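Dear colleague,

I am handing over the structure below, and after it you will find my notes on what was found. Please read them with the structure open beside you.

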Amino acid sequence: MSAIYNFCAGPAMLPQAVMKKAQQELLDWNGLGVSVMEISHRSKEFIALTARAEADLRELMQIPANYHVLFMHGGGRGQFSAVVNNFLGDNGRALYLVNGQWSSAAVAEAKKLAGEAQIDSLNIVEKHNGLNAVVLPDLHKIDADYRYVHYCPNETVDGIEIFDELDSPWPVVADMSSTIMSHEIDVSRYGLIYAGAQKNIGPSGLSLVIVRDDMLKLPSLPQSSVMDYRIAVEHDSMFNTPPTFAWYLAAEVFAWLKSVGGVAHIADVNRRKAELLYACIDNNAFYRNGVELANRSRMNVTFQLADPALDAEFLKQAEAAGLVALKGHRIVGGMRASLYNAMPLEGVQVLVNFMNEFAAKHNQA
Ligand SMILES: *Cc1c(COP(=O)(O)O)cnc(C)c1O
């Protein structure tokens, strides 16, 4: 079988080295004669795995000591509700910045659960010469006492990324589901970071939470114990049975990322991959991207064909060339190539070669 490059937005491809290792040790993990799926989460072997996962993650992201690392259930959306239930117990207020599909879904969920609490939302995308551009408001000029400001640094569906860290008078809560560990960030600027695992961490079903200690003093609502940060901290993310296989794969992804040079290295590769693909789009009148330069996502590159009637043919030929899952999200249409950490530079080169050939063929016709 020739190489397949999988551009799926999520669940996304995982590093091939990790998948091979998982395959090798699937039936006999750590010399135990059974799979890692089949042992107690409280066994000393599994506890050692979780300790290694946390240590590696702390090193990769330079997580300060006053932050807890939690491995929880419920993916990205689970955290939409957890954030509200954990931090807005009484009649508190929170501000949500909206720059695409996921941040507006977070607002909808927050409003549903808020009760006496107040959820304010602010659209931060404007059209600049027909392109979507993020305009960050001066949060210091807003006269309000928010518990937190929530935002989504990378909008997976819309292909809009915010590279500047927020300058906020309130704790920042960030949905990093599709950008976590793709470039270096200063964790100390956040009150809480969360990410569904299935883009840059591992398989779906797991969500990673990095929370500053003082955030746990905010009033919480009565809620499911499984989603309660304080209970998760108290029980080392094992109040109930965690998604152990997903946790194991996440640990392997962290080890892989360290082995290839860490976040600084992968950030450089990610920048080169994105530049290569955006250059192809910009150099061909046949393709178009609708996002202002400064906000073009490095993880999810969205593009349209000049003639949408050719979409189906593009996807069919791409697939025949081993380039799969390029169809854009059903809400926005067009194409989307997700270039998460596991996507090698060669994959993007093969895609760009294909796109240049496809455009040349159809320009002549
Ligand atoms: C994928 C994604 C989610 C949703 O994750 P689920 O695990 O499906 O709940 C939320 N936010 C962002 C930014 C995402 O990319």
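The residues that line the second largest cavity divide into seven nonpolar, two polar and one charged, and among them are Met13, Leu14, Pro15, Trp256 and Lys199. Please keep in mind that this is a predicted model. The space in this second largest cavity comes to about 40 Å³, and the structure holds two cavities of 30 Å³ or more.

The largest cavity has a volume of about 80 Å³, and its lining has seven nonpolar, four polar and one charged residues. Strand β2 (67–73) and helix α5 (229–234) each supply at least two residues of that lining, with β2 giving the most, namely three residues. Phe71, Met72 and His73 are included in the lining of the largest cavity, as are Ile231 and Ala232.

Lys199, which is one of the residues lining the second largest cavity, also belongs to the closest residues around the ligand, together with Arg77, Thr156, Asp175 and Gln198. An N or O atom in the side chain of Lys199 is 2.7 Å from an oxygen atom of the ligand, while the side chain of Asp175 has an N or O atom 2.6 Å from a ligand nitrogen atom. Taken alone, the ligand exposes 390 Å², of which the protein buries 86%. Of the 13 residues that surround the ligand, the largest share, four residues, comes from helix α3 (residues 75–87).

Finally, the unreviewed UniProt entry carries the annotation "domain: Aminotransferase class V" for residues 4–351, a span that is 33% helix and 19% strand.

Best wishes

How values were computed
Residues are numbered from 1 along each chain as its sequence is written. This is a predicted model: local features need pLDDT of at least 70, side-chain atom pairs count only at pLDDT 80 or more; totals for chains, interfaces and linings use all residues. Side-chain values use heavy atoms; hydrogens and water are left out. UniProt positions are given in the numbering used here, feature names are shortened, and annotations may be inferred rather than shown by experiment. A residue is near a molecule or strand if one of its heavy atoms lies within 4 Å of it. A polar contact is a pair of N or O atoms within 3.5 Å; within protein, one must be able to donate a hydrogen and the other to accept it, and residues adjacent in sequence count only if both atoms are side-chain atoms. Accessible areas come from the Shrake-Rupley method with a 1.4 Å probe; for residues, only the protein chains shown count as cover. On a 1 Å grid over the protein atoms alone, a cavity is a set of points where a 1.4 Å probe fits but cannot get out, and a pocket is an open set with protein on both sides within 12 Å along at least five of seven lines; lining residues have an atom within 4 Å of a point. Grid points are joined across faces, edges and corners, and a volume is the space filled by probe spheres set on the points. Ala, Val, Leu, Ile, Met, Phe, Trp, Tyr, Cys and Pro count as nonpolar, Asp, Glu, Lys and Arg as charged, and the others, Gly among them, as polar.
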